[in-house]
Amino acid sequence: MRRKLAAGNWKMNGLDENLQEIKTLSEVSNAHDCEVLICPPATLIHSMSRMSNDIAIGGQTCHANTSGAHTGDISAQMLADSGATYVILGHSERRADYNETDADVRAKTKTAWDAGLKVIVCIGESLGEREACNTIDIIGGQLSASVPDNATGENLVIAYEPVWAIGTGLTPTLDQIGEVHDFIRAQLERRFGAGVGRSVRILYGGSMNPKNAADIAQVSNVDGGLVGGASLKAADFSQIITALG
Ligand code: PEP
């Protein structure tokens, strides 16, 4: 049985004054079996990780190298040292803003695993790719090229995030979500074997909110959500955690 995961991606949002959201989330998290993760900006990881034992904290990216002359970057070891236990890699905004490729995501994932972090690898098709009926090909290619060997149910989470659904208020139909999640599950089982393939959690991400979370949570092979905008306020994210159960 895979434990559901409610992961909040705060992106470039959040100041010291927003740390109070964690107190509320901590109470909600206590009342549910769902694992709760917040990925704040790097500046808040240390403080946040000391506020609650009930909520996991993660980074939003890391460098593929362990240290060195990379001004402005952050290493996986630094994230872990600050109290993070997860890192999101390959988010479509990183792929678009910094030209991150599948090969980059794969290299970063290896480094993050070496630092003891669990990795959420993001994959997803653009609107043009969906309209051209290429979704499954794109997802299959990203999945095999972004995820290194040695994946386990402990160190890897996949987030299916259609690029056109992120921050737009648009979502695929439940059938479309199910089709992609079932495909990802089958690919994981084929590559890593049934044991590992069935234990890796697959999150849906893209305009998940308190209204649609319960329906999405019922879809086959949806093991939780990666949530952007609706994770910023504890009042909204709490409802998603409750919906995921
Ligand atoms: C995201 O950025 O990962 C995301 C899913 O954003 P939103 O929930 O705002 O669409």
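In this predicted model, helix α1 spans residues 21-30, and its buried residues are Glu21, Ile22, Leu25, Ser26, Val28 and Ser29. These residues lie on the same side of α1 because they cover an arc of only 170 degrees around the axis. An α-helix has 3.6 residues a turn, so residues three or four places apart point the same way. On the other side of α1, Lys23, Glu27 and Asn30 are exposed.

| Helix pair | Angle | Axis distance |
|---|---|---|
| α7 (residues 135-146) and α8 (residues 174-192) | about 40 degrees | 10 Å |
| α5 (residues 102-114) and α7 | about 40 degrees | 8 Å |

The crossing of α7 past α8 is right-handed. On the α7 side, the contact is made by Thr135, Ile136, Ile139, Gly140, Leu143 and Ser144. From α8 come Glu179, Val180, Phe183, Ile184, Gln187, Leu188 and Arg191. By class, this contact of α7 with α8 holds 7 nonpolar, 4 polar and 2 charged residues.

At an angle of about 40 degrees, α5 and α7 are therefore oblique to each other. Here Asp102, Ala103, Val105, Arg106 and Thr109 of α5 meet Gly141, Gln142, Ser144, Ala145 and Ser146 of α7. The residues in the contact of α5 with α7 comprise 3 nonpolar, 5 polar and 2 charged. Ser144 of α7 belongs to the contact with α8 and also to the contact with α5.

Methods:
Residues are numbered from 1 along each chain as its sequence is written. This is a predicted model: local features need pLDDT of at least 70, side-chain atom pairs count only at pLDDT 80 or more; totals for chains, interfaces and linings use all residues. Side-chain values use heavy atoms; hydrogens and water are left out. Buried means under 20% relative accessible area, exposed over 50%, partly exposed in between (1.4 Å probe, protein chains only). Helices (H or I, at least four residues) and strands (E, at least two) are DSSP runs, numbered from the N terminus. The arc is that of the directions from the helix axis to the C-beta atoms. Axes are lines fitted to C-alpha atoms, for helices over the stretch in contact, and angles run from 0 to 180 degrees between N-to-C directions. A crossing is left-handed if the near helix is turned anticlockwise from the far one by less than a right angle, and right-handed if clockwise. Contact means heavy atoms within 4.5 Å. Ala, Val, Leu, Ile, Met, Phe, Trp, Tyr, Cys and Pro count as nonpolar, Asp, Glu, Lys and Arg as charged, and the others, Gly among them, as polar. Angles under 35 degrees count as roughly parallel, over 145 as roughly antiparallel, 65 to 115 as roughly perpendicular and the rest as oblique.
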